[in-house]
Amino acid sequence: MAVSKNVSCGLDFCSVPDLKDCLYVANCSKYHFVCIPLVHPNYKREFISPEIKRSEPWTRSDLILCSSDWSTLVVGKLSPHIYVDSKIHSVAKNSEETLLQELALASHLGLVAITIKLKGNIENNMNLARIMFDKLSTTQNFQAQVWIQVPMENPKKQAYSYREDIDLDKTEIESTWQWWNQFRIVCDYDRKLIVALIVSNDLPDEDEITRWLGEPVKCLIIPTTVFITNKNGFPVLSKAHQAMIRKFCALDVQFVITGANRHQNIIHYYHYMDHLWKNWQPNGPIERFARGYEDYLQCPLQPLMDNLESGTYEVFEKDPIKYAEYQAAIESALKDIGSEKEARNEKDSIVVMVVGAGRGPLVRAALNASANAKRQIKVYAVEKNPNAVLTLQALQQEMWGDVVTIVSSDMRDWNAPEKADILVSELLGSFGDNELSPECLDGVQKFLKDDGISIPYSYTSYIAPVQSSKLYNEVKGCRDKDKHSLAHFEMPYVVHFQNKYDIDLPQPLFTFNHPNKDAKIDNSRYGKNIFKAEQDCVLHGFSGYFLAILYKNIKISIEPRTHSPRMFSWFPIFFPIKDPVNLKAGDEIVSHFWRCCSSKNVWYEWSVEKPVPIPIHNPCGRSSTIGL
């Protein structure tokens with residue numbers, strides 16, 4: 001079992017007479033960093049019309065700490081009196097000069113992050129957004145993240161709760177998520193803008209909390225007033241707050257404790273947060289397999305075009321579920337075919353063709369199923385990768401013997417010496433058909449008997465609208481000099497989703513059945529789906545999944561509601577869109593997906609019709625194709 005890492009927790013100071021003392025206190029209490037004002041909160045500077053010219057330094061010297069300590073131990077807080085959106089010109093102008101001065105100081109010190117509180121919606125923050133975006137987008141040496149502090153709950157809600165003349169159920173109070181959403185839109189989704197959520201005593205609705213999971217939440221700021229005291233006198237959080245904290249732990253957030261110490265020692269807050277963190281850490285097979293791949297964009301495999309490496313085979317062969325389900329499906333099919341042969345008094349072996357045999361896991365599954373079902377089989381293992389064929393030949397000589405025939409060939413070019421009772425393949429991709437299983441199996445079904453069985457029997461792709469600022473910024477940051485600037489928004493990615501909000505439940509899109517009985521086989525597809533946004537949110541793209549029926553009631557699935565427990569062979573797929581679409585509660589999202597085919601390639605195109613039309617993505621496969 002992997003050892004879980006400690007929580008990353010910081011300590012907030014409202015003022016800092018002696019920085020080294022503050023760092024000593026924080027370090028003795030096990031905190032990893034401090035949040036401190038860059039300038040004393042009450043020290044206002046006058047830039048417009050200074051009546052008195054001050055000669056003293058306006059803040060501490062950078063020599064107090066070495067550069068590595070400034071860049072790893074300190075998060076700088078901008079002065080609370082800065083209000084660049086004030087309607088009083090002199091106040092706004094003076095605040096702007098103050099802000100620029102403090103941003104320059106943060107850059108000079110090499111701070112990893114600075115933080116400022118958001119005061120209301122964009123109407124109250126337009127100038128602040130302009131200045132911050134100018135700084136982030138034009139200043140090369142400004143490397144600090146900007147933690148935008150946003151309260152989880154609108155302060156008006158708590159204020160109104162004490163007023164008898166206001167009915168909270170009938171009063172519309174703007175969500176603080178809207179403050180953040182408007183601010184980051186004006187700043188063009190800059191990836192250095194990060195959310196620092198201020199936890200409130202009264203938590204918002206579950207849906208609102210879940211929506212924050214699709215945002216770049218870097219830390220949770222927890223006031224000491226949120227903690228309650230247990231019977232032993234130690235600070236703890238309510239069960240509701242604990243459940244909320246666990247949701248954000250998956251995003252690898254940091255925590256900041258702020259406010260006066262209300263218990264025996266400030267270290268107790270750290271110990272409690274570390275306890276919550278370590279108790280949350282998941283350690284199942286999926287989590288172990290996916291560790292380090294959270295929200296990491298990967299290009300889908302193209303095993304038809306590219307020969308897989310040994311390490312890739314090895315990783316997927318460790319799946320504890322997939323091959324067990326395949327074995328169960330083969331065993332059930334063997335029993336059914338065996339019973340029919342016995343009824344006809346036929347004693348010949350059942351022919352099983354494993355097409356795309358890789359390094360042999362499906363061959364092993366077939367042989368195990370044969371032993372369990374007590375049915376004699378003859379196996380053809382067909383594989384086009386010459387390096388994997390070496391492994392198959394070695395296994396045949398050392399273990400399998402004459403019961404298995406190794407065929408080194410592309411399955412579509414092979415001429416089988418006899419017809420198969422069972423055709424087995426694992427050509428499924430994250431979207432079901434994106435590794436060209438339909439084309440491959442259509443090419444070899446001529447070798448399947450008229451009453452033969454294909455495993456899998458069918459598979460269906462699913463899509464769902466998703467909000468993820470993280471993934472949007474990851475795609476936005478991709479660059480390829482050989483492709484046009486928006487090409488990366490026109491290709492699907494395999495992703496282990498973490499930092500995302502599901503706008504609606506997945507819906508089925510494309511279905512393929514095998515063997516394909518159509519007189520004229522056409523694997524192009526078109527699907528229109530209608531989703532609904534339950535609350536205000538942002539559409540950044542679509543998540544994709546699949547469900548495959550192997551045989552009868554034996555299935556494998558990565559669709560969230562039917563996900564095969566402990567199966568990790570496939571991450572979902574992500575279809576991004578170029579321009580995020582802002583959604584209002586109740587909005588319909590009408591999506592269109594096409595699976596297009598030519599003699600050389602297969603590709604996907606996608607678009608949105610409602611609430612606003614967007615351009616077709618990947619027309620004619622200009623940015624992304626799957627080679628035949």
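Start by selecting Val91, which is found in helix H3 (residues 89–109). Helices here are DSSP runs of H or I with at least four residues, strands are E runs of at least two, and both are numbered from the N terminus. This is a predicted model, in which residues are numbered from 1 along each chain as its sequence is written, and local features need pLDDT of at least 70. Side-chain atom pairs count only at pLDDT 80 or more, totals for chains, interfaces and linings use all residues, and side-chain values use heavy atoms, with hydrogens and water left out.

**Stop 1: the surface patch**

Stay on Val91. The residue is partly exposed, at 33% relative accessible area (buried is under 20%, exposed is over 50%, partly exposed lies in between; 1.4 Å probe, protein chains only). Together with Val91 they form a nonpolar surface patch with about 240 Å² of accessible area. Patch members have over 30% relative accessible area and no salt bridge; nonpolar side chains (Val, Leu, Ile, Met, Phe, Trp, Tyr) are joined within 5 Å, like charges within 9 Å. Areas come from the Shrake-Rupley method with a 1.4 Å probe, and for residues only the protein chains shown count as cover.

**Stop 2: the whole chain**

Zoom out. The chain has 16 helices and 26 strands. Along the principal axes, its C-alpha atoms fill a box of roughly 105 × 55 × 55 Å. Of the 628 residues, 53% count as buried.

**Stop 3: strand S1**

Select strand S1 (residues 9–12). Cys9 and Leu11 point one way, Gly10 and Asp12 the other way, and all are buried. S1 pairs in the parallel sense with strand S10 (residues 254–258) over three bridges (two strands pair if DSSP finds at least two bridges between them). S1 also pairs in the parallel sense with strand S2 (residues 33–37), over three bridges. Now pick Gly10. Its bridge partner in S10 is Val256, and in S2 Gly10 stands opposite Phe33.

**Stop 4: cysteines**

How many disulfides does a search of the whole structure find? The search finds zero, a disulfide being a pair of cysteine sulfur atoms within 2.5 Å. Select Cys35. The closest cysteine sulfur, in Cys219, is 6.7 Å from its own, too far for a bond. Cys35 counts as buried at 4% relative accessibility. Go to Cys440 next. Here the closest cysteine sulfur is in Cys597, 12 Å away and too far for a bond. Cys440 is buried too, at 0%.

**Stop 5: around Cys440**

Seven of its eight residues are buried; among them are Pro438, Leu441 and Val444.

**Stop 6: the five-stranded sheet**

Show the open sheet in the order S13-S12-S11-S14-S15, with parallel pairing. Its edge strands are S13 (404–408) and S15 (448–455), each pairing on one side only. Neighbouring strands are turned by 20° against each other on average, direction ignored; axes are lines fitted to C-alpha atoms (for helices over the stretch in contact), and angles run from 0 to 180 degrees between N-to-C directions. Focus on S11 (residues 350–355) and S14 (residues 420–424), which pair over three bridges. Met353 has Leu423 in S14 as its bridge partner.

**Stop 7: salt bridges**

A search of the whole structure finds 26 salt bridges, each a side-chain nitrogen of Lys or Arg within 4 Å of a carboxyl oxygen of Asp or Glu.

- Select Asp433 and Arg595: their side chains meet at 2.6 Å, N to O. Asp433 sits in the loop between S14 and H15, Arg595 in strand S24 (residues 588–597), 162 residues apart. Asp433 is buried at 1%, and Arg595 is buried at 1%.
- Select Asp336 and Lys552: the closest N and O atoms are 2.7 Å apart. Asp336 lies in helix H12 (residues 322–343) and Lys552 in the loop between S21 (537–551) and S22 (554–557), so the pair ties together parts 216 residues apart in sequence. Asp336 is partly exposed at 23%; Lys552 is exposed at 53%.
- Select Glu474 and Arg191: the closest N and O atoms are 3.1 Å apart. Glu474 is in helix H16 (residues 469–476) and Arg191 in the loop between H6 (176–186) and S6 (193–198), 283 residues apart. Glu474 is partly exposed at 24%, and Arg191 is partly exposed at 44%.

Finish on Glu96, Arg130 and Asp134, which are linked in a network of salt bridges.
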